[in-house]
Amino acid sequence: MIVGMNRSAARRMCVWLALAAPVVIVPATARSQIDESPAKSADIDASGATSSGLTTVVQGGFVETILFYLFGGAVLASAIGVCVSKSVVRMAVWLFGTLGAVAVLYLLLGAAFLGAVQLIVYAGGTLILLIFGVMLTTKSPWVRFEATTSEMLAAGGVVVALFIGLATVVASDMTRWPTQAGVNEVATVKSLGESLLTTYLVPFEAASVVLLVVMIGAAYLARQER
Amino acid sequence: MFTVGLTHYLVLAAAVFCCGLFVMMTKRNAIGILIGVELLLNSVNINLVAFDRYRPIGGTDGQISALFVIVLAAAEAAVAVAICMNLYSNLNTIDVDRGDALHG
């Protein structure tokens, strides 16, 4: 027992460590499988990027299934945690779990660059901005305005109906989408950058203008009245 | 069934979308609604990247779209937090039901 820590805090810490252990262990085992197979390691050398090598090995196999259910479950559990949390700070912490697990799903889908951007921009930037917003707009961080029970029931009914409808359409044969992975090459940072500066040059420049306008506008809106 | 395909990702994204919608409908705190919007945008991004992976021909269109969604979500969060701060300085609360000065 760590000195100065009471029993409930120690128990809570143990739960968090148990939850965090798969996050570290599972990618580590995936890596060791790569290292053990010599044919695949030659593949990694050819591609020159360890992350794309990881995804080519992981995709389509048993490991991908386990990782999908693990991190898909984490996404879903923390999204439900956002729904049931009463205080805004707890919602933000659950949202962090969702964002991190979605980043791992991006890695599983072969989008290594997007996973990194998700962690840097979303978890590192947007979420911190939200927490600063909580800090600047409430006298107490535990402020809560709750909806009434009838409102909760109505919203729950709408949401459950929507989910049943969406899941039925997606899981049926109504759509003609290909459901198994094609033989796409893994999108590298190079190919993403090339298409950003050729095919998507106009949206790219427009996004930079939007960011400039947003920066000026947010600073103007948030300034102190004098 | 056991092999993960496009359908698994789409159902997961639909579930996250529904969670985000529930948050948007039930929270009255403006920042809470913003968190719901972030959940919605993330579910859309899962869809875009999954469609990018599971399609017959190569390319990066889905990932580029997801990249733009992330950029615009960051911009949207910045403006929304600035508006929340203005609401707070005017009304002394960020309960969205209290911001009804333009109510007809």
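**Entry 1**

On the α5(A) side they include V88(A), L95(A), F96(A) and Y106(A). On the α6(A) side they include L114(A), Q118(A), Y122(A) and I131(A). By class I found 19 nonpolar, 3 polar and no charged residues. Here Ala, Val, Leu, Ile, Met, Phe, Trp, Tyr, Cys and Pro are nonpolar, Asp, Glu, Lys and Arg are charged, and the others, Gly among them, are polar.

**Entry 2: numbering and confidence**

I number residues from 1 along each chain as its sequence is written, letter chains from A and number ligands from 1 in the order in which they are written. As the model is predicted, local features need pLDDT of at least 70 and side-chain atom pairs count only at pLDDT 80 or more, while totals for chains, interfaces and linings use all residues.

The pLDDT is the predictor's confidence in each residue, from 0 to 100. Chain A averages 78, with 68% of the residues scoring at least 70. Over residues 31–55 of chain A I read a pLDDT below 50, and this stretch has 25 contacts in the model beyond near neighbours in sequence. Chain B has a mean of 88, and 96% of its residues reach 70 or more. I also noted ipTM 0.91 and pTM 0.79 for the model.

**Entry 3: helices of chain A**

I counted 9 helices and 0 strands in chain A. Both are DSSP runs numbered from the N terminus: helices are H or I of at least four residues, strands E of at least two.

α4(A) has 23 residues and reaches 33 Å from first C-alpha to last, close to the 33 Å expected at 1.5 Å a residue. The expected span is 1.5 Å times one less than the number of residues. Buried residues of α4(A) include F68(A), F71(A), V75(A) and C83(A). I call a residue buried if 20 or more other C-beta atoms lie within 10 Å of its own, exposed if 12 or fewer, and partly exposed in between, with C-beta atoms placed from the backbone. α9(A) is hardly covered, with 1 buried residue among its 22. Over chain A, buried residues make up 23% of the 226.

**Entry 4: where chain A touches chain B**

I found 72 residues of chain A in contact with 61 residues of chain B. α6(A) gives the most to that side of chain A, with 13 residues. The side divides into 51 nonpolar, 17 polar and 4 charged residues.

I picked out G133(A), which is in helix α6 of chain A. G133(A) counts as buried, with 26 C-beta neighbours inside 10 Å. Not counting residues up to four places away in sequence, G133(A) touches I31(B), V81(B) and C84(B).

**Entry 5: N92 of chain B**

I checked N92(B) in the segment after α3 (61–91) of chain B. N92(B) has a positive phi of about 65 degrees although it is not a glycine. With 11 C-beta neighbours inside 10 Å, N92(B) counts as exposed.

Conventions
Two residues are in contact if their C-beta atoms, placed from the backbone, lie within 7 Å.
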